[in-house]
Amino acid sequence: MAGLQDLSLDRLSKRYGPARALDDVSLTVARGEFLTLLGPSGSGKTTLLMSIAGFVAPSGGHILLNGQSIEHLPPEKRNFGMVFQGYALFPHLTVAKNVAFPLEVRGTPRAEIGRKVKEALDLVQLGAFAERLPRQLSGGQQQRVALARALVFAPHLLLLDEPLSALDRKLRADMQIELKSFHRQIGLTFIYVTHDQEEALSMSDRVAILREGRLLQLGPPAELYERPATRFVAEFLGKSNFLAGTVEQRTADGFLFRCSGALFEQTSAERPEIGSDVLMALRPERMSVVEAETRPRNTIAGTIAEFSYLGTSFHLLVDTAAGRLAVTVPAWRHGAPPAIGSTITLGWDPDASIRVEKD
Ligand SMILES: Nc1ncnc2c1ncn2[C@@H]1O[C@H](COP(=O)(O)OP(=O)(O)O)[C@@H](O)[C@H]1O
Ligand SMILES: [Mg+2]
């Protein structure tokens, strides 16, 4: 693919009246990277992608391609490929004509169009479908046509806005794998928008979490999952319990905090002041149901309020002095399903939880 580029956003903002759809967003996308913008509905993902594409004019800040400001360029001069939600193919045009469209707009010579369309369709394994109409294709095939159309003019990078959200669950999972391997194969920079956290975790090199137009945290999926900076990130990326407490003592490798009468140990590089309020995020799968004699260092007693069997695991909701805690345990470890109303002890190691900002 032609000319891989570095894209940087420098304090990019977009206001609609008093509302801030984008608020001082700065980030750099590396060449060939798969970067995902993840956030709830209305967090500014589409506005960010449309600003990069040139369809939305920012109110402030800069968009830089290889260090050159591109805000003044119209979309077609930026040469970015786009794939949207619901594919938006022309229904009355054949697959080949749909894919040829961006080349025709650019005034590409006819002979070259034929060759490039064939290449693009071969790339998405739809060479045999060139003369079909979109409605004669499955959802996944239509999505691949949209992809071929976005790639046919050798774009500098590819912008994808929830491209799989119209597909059913199974097809969506297949397409995620396909898109990811496709990304590896062509090595083009992808900026991918989704509100689906599993999709973001499984596909991306790095994930940017957006909320109310602001970039909250940016990092590789495992880093965001294991070290969320804020309560919002911990909750949005996976499930989490939260323990609010007060620091009571500093230890050699962390601190002790008091929460609902009990004292818990926390491993931590930073030592908050004694007496300060802290909030801990504790993932359901980092806790276990423990026997009295095999206790980890932190334990809390509770009553099972809800229980569901998920095949590979049990999911429990347990009422404790620290509130209702969610716990996920591997099903193979427990012969009989736990009974609602029974009393159990939950345990976790001091390094299983992590301190987060309250946001
Ligand atoms: N053309 C517009 N006019 C006014 N407000 C808009 C416009 N486009 C988006 N917004 C607002 O900007 C915010 C971000 O929207 P959007 O970027 O579409 O979010 P997302 O794609 O994350 O769901 C929302 O509050 C939305 O209502
Ligand atoms: Mg959107």
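Tutor: Begin with burial: a residue is buried under 20% relative accessible area, exposed over 50% and partly exposed in between, with a 1.4 Å probe and protein chains only. Helices (H or I, at least four residues) and strands (E, at least two) are DSSP runs, numbered from the N terminus. This is a predicted model, in which local features need pLDDT of at least 70, side-chain atom pairs count only at pLDDT 80 or more, and totals for chains, interfaces and linings use all residues. Residues are numbered from 1 along each chain as its sequence is written, chains are lettered from A and ligands numbered from 1 in the order in which they are written, and side-chain values use heavy atoms, with hydrogens and water left out.

Student: Which residues of helix 5 are buried?

Tutor: The buried residues are Gly140, Gln141, Gln142, Gln143, Arg144, Val145, Ala146, Leu147, Ala148, Arg149, Ala150 and Leu151. Because twelve of the 13 residues of helix 5 are buried, the helix is largely enclosed by the rest of the structure.

Student: What does helix 5 span from its first C-alpha to its last?

Tutor: The expected span of a helix is 1.5 Å times one less than its number of residues. Helix 5 covers residues 139-151 and reaches 19 Å, close to the expected 18 Å.

Student: What do the buried residues of helix 5 pack against?

Tutor: Contact means heavy atoms within 4.5 Å. By that criterion, the buried residues of helix 5 pack against strand 6 (80-83), helix 3 (95-105), helix 4 (110-123), strand 7 (157-161) and helix 6 (169-186).

Student: How is the crossing of helix 5 and helix 6 described?

Tutor: Axes are lines fitted to C-alpha atoms, for helices over the stretch in contact, and angles run from 0 to 180 degrees between N-to-C directions. Angles under 35 degrees count as roughly parallel, over 145 as roughly antiparallel, 65 to 115 as roughly perpendicular and the rest as oblique. The axes of helix 5 and helix 6 come within 11 Å and cross at roughly 25°. That makes helix 5 roughly parallel to helix 6. On the helix 5 side, the contact is made by Gly139, Gly140, Gln143, Arg144, Leu147 and Leu151. Helix 6 contributes Leu171, Met175, Glu178, Leu179, Phe182 and Ile186.

Student: Which hand does the crossing of helix 5 and helix 6 have?

Tutor: A crossing is left-handed if the near helix is turned anticlockwise from the far one by less than a right angle, and right-handed if clockwise. The crossing of helix 5 and helix 6 is right-handed.

Student: At what angle do helix 3 and helix 4 cross?

Tutor: Their axes cross at roughly 125° and come within 9 Å. Helix 3 and helix 4 are therefore oblique to each other, and their crossing is right-handed. Val95, Ala96, Val99, Ala100, Leu103 and Glu104 in helix 3 meet Arg110, Ile113, Lys116, Val117, Ala120 and Leu121 in helix 4.

Student: Where does a positive phi occur in a residue other than glycine?

Tutor: One case is Glu212, with phi near 45°, in the loop between strand 9 (206-211) and strand 10 (214-219). Glu212 counts as exposed, at 52% relative accessibility. Ser260 has a positive phi of about 50° and lies in the loop between strand 12 and strand 13. Ser260 is partly exposed, with a relative accessible area of 45%.
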